Amino acid sequence: MKYKSLAIIWLLALISAIGVASSAPRTRRATEPAVYSSAEADAMRLEGEKRFRANCNRCHAAPHKFPPRMMATIVRHMRVRATITDDDMRYILYYMTQ
Amino acid sequence: MSYFWIKAGLRRWPRVVLPASAGLFLLLCFTPGLAACQSSDGEKAIPILTGTAGYFNFVTAGQNQVDAQINPVLLVPLGDRWLVESRAEFEGAFQRPPDGGSYGGMVSKNLDYLQADYIANTYLTVTMGRFLTPFGIFNERLYPIWIRSLQQDPLILPLSAESSDGMMLRGGFPVNAKVNLNYAAYVSAVSSGHNNLESDRNVGGRMGIFLPGPRVEVGASWQKLLQDERTHSFGFHFAWQPMRFPLNIHSEYARSNQGSGYWIDGAYRLSQVLFWQKALRRLEFAGRAEQFFNGQISSDEAQALGLPAANTREGEFGLNYYLHDGLKAVASYGRQFSSAGNLNLWTVGIAYRFAVPLGRVGSQ
């Protein structure tokens, strides 16, 4: 019985390892500063606001903006907890820190 | 011969295969090529101490209970892809004895979760440690006192373990422009009856489909206990936040051998009324209807689990006033109907969510 749960853990570990291994490297590294033209920045903000409205008051009242580095942690937390998608997270973080 | 090897391997596999696969897993996580694919947080994330503090008066069938609680949440991001997170509950519940005298009670402590999350890629986050069991939506998404629209727990909440100890895979990703899919699959390998660390050995999963346009989510959960009677539980959930009005609807159904039932919650924020806007937009009406049906366990067993001893129906209505972001005053009235007796449930109180940085916050 105990082995069964270990077997499942092992399987999950393996699946996640394969998942991790097959993750394609992104083109832009986070450490590189993102330079947007003002039109691009506006579009990013608009998209961010749209995604914020679609996602951030589904479970609780939509929160106010926090300072950028706090926001980065909060959005990461929500990405995991609320299974917010990668793209949503990026746009929302941009919107919440501008 | 091969039979012997298989048998020996099976016997030894937890000792041999498990560390080997864990090693493989870690190796894959930290391969230099992969380390280059960082998440695109942009801003450097810092540790945060957040959580809730609350003070409530619950009057259940005429018996007053004073409840004071503080539930700190610690968030520690590591690098671009890791998050270590934890929440503890400290709750003092005090009652005056029926024959009068001073309030007495006790403080309970509970570790809700202590987990390390690794955001592997767009599709997958790996969680290890003690985590909130992703069964239905209340436990994982609506439980904190600053979030729930009514402070009473739904009757069916104890049908699944609140916390699990083991490993979980989860994620959310777009299927197309109109549909997002989210999932969680977990195994809880530790069975602990310890008061502050209760958990069962179980395996389960949840899957949800979210439509960002109409803001609708539907989903299903399943769990199998790997101990005792090895029973199955399953449930369905539904959530809807219409775009046009400030209404928030959540609902859940769950069934196991311990019982079954549902709840449906609606919260309407008066942010669109045309008069006294300044005051009224902070006000929210909340209502809940719920029902619980007995399962195949005795009423004593049910009560020990925190479930009603008999078939029960309940209706509740409440008012929430948002004084400030994260701070709300609450008041509610509920009526419970059951063959064990009907009763009134009154609640008044205040719930606060705080968040303080544990590092330099950066500038806007």
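Here is a short walk through a few spots in this structure, from a helix in chain A to a strand in chain B.

First, some ground rules: this is a predicted model, where local features need pLDDT of at least 70, side-chain atom pairs count only at pLDDT 80 or more, and totals for chains, interfaces and linings use all residues. Residues are numbered from 1 along each chain as its sequence is written, chains are lettered from A and ligands numbered from 1 in the order in which they are written, and side-chain values use heavy atoms, with hydrogens and water left out.

Let's start with charges. A salt bridge here is a side-chain nitrogen of Lys or Arg within 4 Å of a carboxyl oxygen of Asp or Glu. Over all chains, the structure holds 18 of them.

Now find helix α2 of chain A, which covers residues 38-55. Helices are DSSP runs of H or I with at least four residues, strands are runs of E with at least two, and both are numbered from the N terminus. How open are they to the outside? We call a residue buried under 20% relative accessible area, exposed over 50%, and partly exposed in between, using a 1.4 Å probe and protein chains only. D42(A) comes out partly exposed at 41%, and R45(A) is partly exposed too, at 32%.

Move along to K50(A), which makes a salt bridge with E47(A), the closest N and O atoms being 3.9 Å apart. Because they are three residues apart in helix α2 of chain A, about one helical turn separates them. K50(A) is exposed, at 54%, while E47(A) is partly exposed, at 22%.

E49(A) and R53(A) form another salt bridge, with closest N and O atoms 2.7 Å apart. These two are four residues apart in helix α2 of chain A, so about one helical turn lies between them. E49(A) is partly exposed at 24%, and so is R53(A), at 49%. Salt bridges with shared partners also link E47(A), K50(A), R51(A) and D88(A) into one network.

Finally, hop over to chain B. There, S260(B) lies in strand β12, residues 259-269. This serine is buried, with a relative accessible area of 7%. What does S260(B) touch? Counting heavy atoms within 4.5 Å as a contact, and skipping residues up to four places away in sequence, its neighbours include I156(B), L159(B), Y253(B) and F292(B).
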